[in-house]
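Welcome! Please take a moment with the sequence and the 3D view below, and then we can walk through them together.

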Amino acid sequence: MSLQVFINGRLVPKEQAVVSVFDHGLLYGDGVFEGMRSYSGRVFRLQAHLDRPWESARAIWLTIPMTQQEMAQAVYQTLQVNNISDGYIRLVVTRGAGTLGLDPNKCSNPQVIIIADHIELYPREFYEKGLRIVTASTIRNHPAALNPRIKSLNYLNNILAKIEGLQAGCVEALMLNHKGEVAECTGDNIFLVRRGELYTPPNDAGILEGVTRAAVIELAQEMNLTVHEVPLTRHDVYVADECFLTGTAAEVVPVVEVDGRTIGSGSPGPITQELQHRFQRLVRQRPDG
Ligand code: PMP
């Protein structure tokens, strides 16, 4: 049976899950999206993954035409009808069909789309041996222009940096902010370990407030590690003992080379490995367990 996609309150075969060519989600990237994971049939940190699109929508003056509770139900319904227990869920809310002008007031019917599918993880080797990444010359969006905290359908900023990474033979690329500080990668947040303490850029460095990032900070605190959310430079990355990325799709992935510089020993460090381990345990934990 073909994959069933939730669109506007109904589950339909993926071939029938279509939107108008006048939808401003398509014409202008006007809308928001979200990515979540389910492990053994349970969505990891569902509330955080609902709060973020609702906040993004508020920031762009978009009203999501359903409640969070209805959305949660629809997410589970989409997983169940497709018989997916370990999967990836993509939530999309578009501005809806309008005129060819920019005016969002002329749009109606925001489209709510939920796609659940099996997850494509990075190859196992990346988790065991670590990634090589490069710094992109494309900087992260200036927060006063389009705040990276908004997970909008306009991801060209990240895509341009991703292309630079791919052209350098890397699956991820480091992005700096307008001040030249480390921001995040194209679809993942970044962490460093130095002298047994954890460092990650603060939310006001112009990053997406990652759900995985927050979970990893909690895990690090459980390990009694000091976590610094402070501005970082590329120099801090080069001299770190360990480096890793976090994201819903990637989970926790070690980085062993940045811009040709070997990070630490050149293999995933002990704190990274412990956090990878603890993260795997966390996502599989029952809510009461
Ligand atoms: N930064 C960007 C730009 C992203 O797109 C993502 C993926 N949503 C992340 C960071 C990681 O966030 P999360 O842990 O919530 O997936």
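This is a predicted model: local features need pLDDT of at least 70, side-chain atom pairs count only at pLDDT 80 or more; totals for chains, interfaces and linings use all residues.

## A salt bridge to start from

## Two domains

Now step back to the whole chain. The domain assignment divides it into domain 1, residues 4-117, and domain 2, residues 124-285. Their C-alpha centres are 26 Å apart. Where the two touch, domain 1 contributes 25 residues and domain 2 contributes 22 residues.

## How much is buried

The size of an interface is often given as the accessible area lost when the parts come together. Between domain 1 and domain 2, the buried area is about 1,900 Å², and 60% of this comes from carbon and sulfur atoms. On the domain 1 side, look for F33, Y39 and R52: together they supply 32% of the area that domain 1 buries against domain 2, more than any other three residues.

## Polar links and the domain 1 side

Two salt bridges are counted between domain 1 and domain 2. There are also 11 residue pairs in polar contact between these domains.

Which elements of domain 1 each supply at least two residues to the side that touches domain 2? They are α1 (24-28), β3 (31-39), α2 (46-59) and β5 (87-94). Strand β3 gives the most, with eight residues. Sorted by class, this side of domain 1 has 12 nonpolar, seven polar and six charged residues.

Notes. Residues are numbered from 1 along each chain as its sequence is written. Side-chain values use heavy atoms; hydrogens and water are left out. Domain bounds come from an automatic or database domain assignment. Contact means heavy atoms within 4.5 Å. Buried area is the accessible area (1.4 Å probe) that two parts lose on being put together, summed over both. A salt bridge is a side-chain nitrogen of Lys or Arg within 4 Å of a carboxyl oxygen of Asp or Glu. A polar contact is a pair of N or O atoms within 3.5 Å; within protein, one must be able to donate a hydrogen and the other to accept it, and residues adjacent in sequence count only if both atoms are side-chain atoms. Helices (H or I, at least four residues) and strands (E, at least two) are DSSP runs, numbered from the N terminus. Ala, Val, Leu, Ile, Met, Phe, Trp, Tyr, Cys and Pro count as nonpolar, Asp, Glu, Lys and Arg as charged, and the others, Gly among them, as polar.
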